[in-house]
Amino acid sequence: MKKSRKKGSFEDVGLATWPPSVCNMLSGNTNPLVAINFVAPPNPLTGKVHYPRRMGFMIERFDNGLRLVATCRHSIQYFRMPLYRKMIAFKNPRPTMLVCVGDPIEDPVAENDVAFFVVRDPSNTPTKPFTVLPDDLPIVDGKVLYSAQNFCDPIKSYYSVGPVSQAVSDPRLIFCKLSMAATEHALPDDHGRRQQLKQDGWLEYLLLQMVSRPGFSGSPIWDDQLQFYGMDIRGSTPKDSFYKKTGDVAVCLPSSNLYAARQRVQDQVRRLTKA
């Protein structure tokens, strides 16, 4: 894939505006960000092409160029649709197509929006995966965090992933189910309600005051020390009925959740990486 210079992309922002650690990650050969693209055949009536764009990120390295990528479970639905062609790529340091190995691996917890898949990096670059911790790092009001949006145009073979930095305000708890658009809420010290929601199948995530639009799903959320805080799984747009009240929000699946999901799929990952 060729590199584009779409508005809002990292190339347009300029290296000087980012901390050195983030600059080096994004511009060097250790970048773990992955662009996930799917392309459908042209609509026979309109000629338009549907190409959903998602994000993912590498969390483990294996021998022979194999890498484990984490993303949202809802992002991989097109893997199972034979009409959609998948195009998985990263920029490390040049845009490179990655080869999928086997099928995506879904978290056995049905309502958890987590999936993994194994890819092969043909250049076996020295990628530095994000470290997924079993315990969550605290997110304080005003903390600057980073995420990334997929701007790729697979029709024109252009690659562009645009990172953004945002000062997070007012982190709150939110409860979601993959199968439902509706959400539930609870205060941190309301342990009874939190426990009841979990017993009813709701998953506990964080609601952050961050921009999250189409193309952010599956993005890691990290800081200027490249510490991993979680994964963006939902967001808001001005078209949403609640947008005037809440503004831009992102639902962050915390590191502890992703860590637990990774442990649950160990057997499947081992089979694919030892083949």
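Seven strands form an open sheet in the order β6-β5-β2-β3-β4-β8-β7, paired in the antiparallel sense, where strands are DSSP runs of E with at least two residues, helices are runs of H or I with at least four, both numbered from the N terminus, and two strands pair if DSSP finds at least two bridges between them. Because β6 (95–97) and β7 (99–106) each have a single partner strand and stand at the edges, one side of each lacks a neighbour in the sheet. This is a predicted model, in which local features need pLDDT of at least 70 and side-chain atom pairs pLDDT 80 or more, while totals for chains, interfaces and linings use all residues. Residues are numbered from 1 along each chain as its sequence is written, and side-chain values use heavy atoms, leaving out hydrogens and water.

**Sheet and helix**
- Neighbouring strands of the sheet are turned by 30° against each other on average, direction ignored, with axes fitted to C-alpha atoms (for helices over the stretch in contact) and angles running from 0 to 180 degrees between N-to-C directions.
- Four bridges join β3 (residues 53–61) to β4 (residues 66–71) in the antiparallel sense, and F57 has A70 in β4 as its bridge partner.
- Helix α6 (residues 266–273) lies across β4, β7 and β8 (115–120), at about 170° to β7, contact meaning heavy atoms within 4.5 Å.

**Second largest cavity**
- The second largest cavity has a volume of about 40 Å³, a cavity being a set of points on a 1 Å grid over the protein atoms alone where a 1.4 Å probe fits but cannot get out, with lining residues having an atom within 4 Å of a point.
- Its lining consists of E111, D113, C176, K177, L178, Y205, I233 and R234.

Definitions and conventions
On a 1 Å grid over the protein atoms alone, a cavity is a set of points where a 1.4 Å probe fits but cannot get out, and a pocket is an open set with protein on both sides within 12 Å along at least five of seven lines; lining residues have an atom within 4 Å of a point. Grid points are joined across faces, edges and corners, and a volume is the space filled by probe spheres set on the points.
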